[in-house]
Amino acid sequence: NAVRLNIVDSNNKLIKSVDFAVTGAKKGDTLGKFLQDKDTGVWSWTLTNDQVAAINSQINSALAGTGYSVNAANFASTLAQATTGSTATIAATKGNTVYESVKVFSRNSNADVTTGADAMTSYAPDTTANNKVSNQVLNVKSGKFTVTYTPAGSDQAKPVEISSVDFTKAFKDDGSVDAAGLQSALKDAFGVSSTDSLTKEQVAGFNSAVKKFAAHYYLPVANLNPTDLFSGAQGSQYTAQNVLDYLKSKKLDTLKTPIFPQFKEDGTISGWYQLSLTASSAKQGQFGTGKAQAVYSYNENAASSIATLPGTSTSTPGNTVNPLG
């Protein structure tokens, strides 16, 4: 119950083949109908607007990344006469190729399904006087995030805005980790005296907030040339799967967050961790009308422990063009 559509270029060279299925059809049924125009009285083979849209969507999805596009309306008579079980040939046109980056978002897979995704950006650490700190370590020196926790004995969640927490203070001048380096800053943020400990609720809330803050960033990815960006003919359609396939083909389907600390109730660092972000969904769109979009999922409870922090010799890959944005 399908028509094989062979899409060729101007030299009659095959570009792609697509099987367009016709629901409820039997072998030999025509794709369209032979109808008379009520105004002119002329009979012609025609397709419905819905059929044209469906054919365009399937064909141009298959052509995504080739620089070619097809408008089925230009071949309505040919396509309408095609029968299920047979083959029809149509010519694609080469349009202006559009190259664009993919705008990326992160979403906690443990969050409620109604919770939206957060925009991500390539990680560039704040400038710091401590040149012993790896550029893969999260530094929220100038960043802000909100910690939400429920105090013991209460049923009301309490939000606390944390700002200017400089994780580079967790390092000594020689680059080694000072477990107590953030103790005072962390206690000050919650209004806890230096002689008291934080509550387990405060620590759990802070640790969770740090993970979510880290998931706003991904470590810079490998170099890509401009022609390696997500591309297609100007105005042509692409599907969500086209976006996911592109990310996989360029090894961009898995990203890593910066490395971040987690804390004990006394305010000292219990360890360093990193989240993996996996491309899980995308949005269909049209080339030339804005960036493609993809959502990466992460599991807040599945952070990887980093036993040895990378040294400062770890370089940030210098992209010719950033394929994500």
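**Entry 1: a pair of strands.** I began with strand S1 (residues 2-8) and found it joined to S6 by five bridges, with the two running parallel. Two strands count as a pair if DSSP finds at least two bridges between them. Helices (H or I, at least four residues) and strands (E, at least two) are DSSP runs, numbered from the N terminus. Across this pair, Ile7 stands opposite Ile90 in S6.

Before going on, I noted the ground rules. I'm looking at a predicted model, where local features need pLDDT of at least 70 and side-chain atom pairs count only at pLDDT 80 or more, while totals for chains, interfaces and linings use all residues. Residues are numbered from 1 along each chain as its sequence is written, and side-chain values use heavy atoms, leaving out hydrogens and water.

**Entry 2: two faces of S6.** In a regular strand the side chains alternate between the two faces of the sheet. I looked for this in S6 (residues 87-91): Ala88 and Ile90 make up the covered face, and Thr87, Thr89 and Ala91 the uncovered one.

Entry 3: I found Ser10 in the loop between S1 and strand S2 (14-21). Buried or exposed? Ser10 is exposed, at 73% relative accessible area. (Buried means under 20%, exposed over 50%, partly exposed in between, with a 1.4 Å probe and protein chains only.) The C-alpha atoms of Ser10 and Ala92 are separated by 7.5 Å, though these residues are 82 apart along the chain.

**Entry 4: Asn60.** This one sits in helix H1 (residues 49-62). Asn60 counts as buried because its relative accessibility is 5%. A polar atom of its side chain lies 3.0 Å from the backbone nitrogen of Val70. I also listed the contacts of Asn60 (heavy atoms within 4.5 Å): Ser69, Val70 and Gln237, leaving aside neighbours within four places in sequence.

**Entry 5: an open sheet.** Five strands form it in the order S10-S9-S22-S20-S17, with mixed pairing. Which strands stand at the edges? They are strand S10 (118-119) and strand S17 (254-256); each has a single partner strand, so one side of each is left without a neighbour in the sheet. S17 and S20 pair in the antiparallel sense over three bridges, and Lys256 stands opposite Ser276 in S20.

H5 packs on this sheet, touching S9, S20 and S22, and its direction makes about 150° with that of S20. (Axes are lines fitted to C-alpha atoms, for helices over the stretch in contact; angles run from 0 to 180 degrees between N-to-C directions.)

**Entry 6: more on H5.** In helix H5 (residues 240-249), I found Asn242, Val243, Leu244, Tyr246 and Leu247 buried. Their cover includes H1, strand S15 (230-233) and strand S16 (237-238). After H5 comes Lys251, with a positive phi near 55°.

**Entry 7: the cores.** A nonpolar core is a set of buried Ala, Val, Leu, Ile, Met, Phe, Trp, Tyr and Cys residues joined through side-chain atoms within 4.5 Å. The largest has 52 residues, and Val102, Phe190, Leu247, Tyr296 and Leu324 touch the most other members. Helix H4 (residues 200-214) gives the most to this core, with six residues. Apart from it lies another core, of 23 residues, including Phe20 and Leu79.

Terms used:
A polar contact is a pair of N or O atoms within 3.5 Å; within protein, one must be able to donate a hydrogen and the other to accept it, and residues adjacent in sequence count only if both atoms are side-chain atoms.
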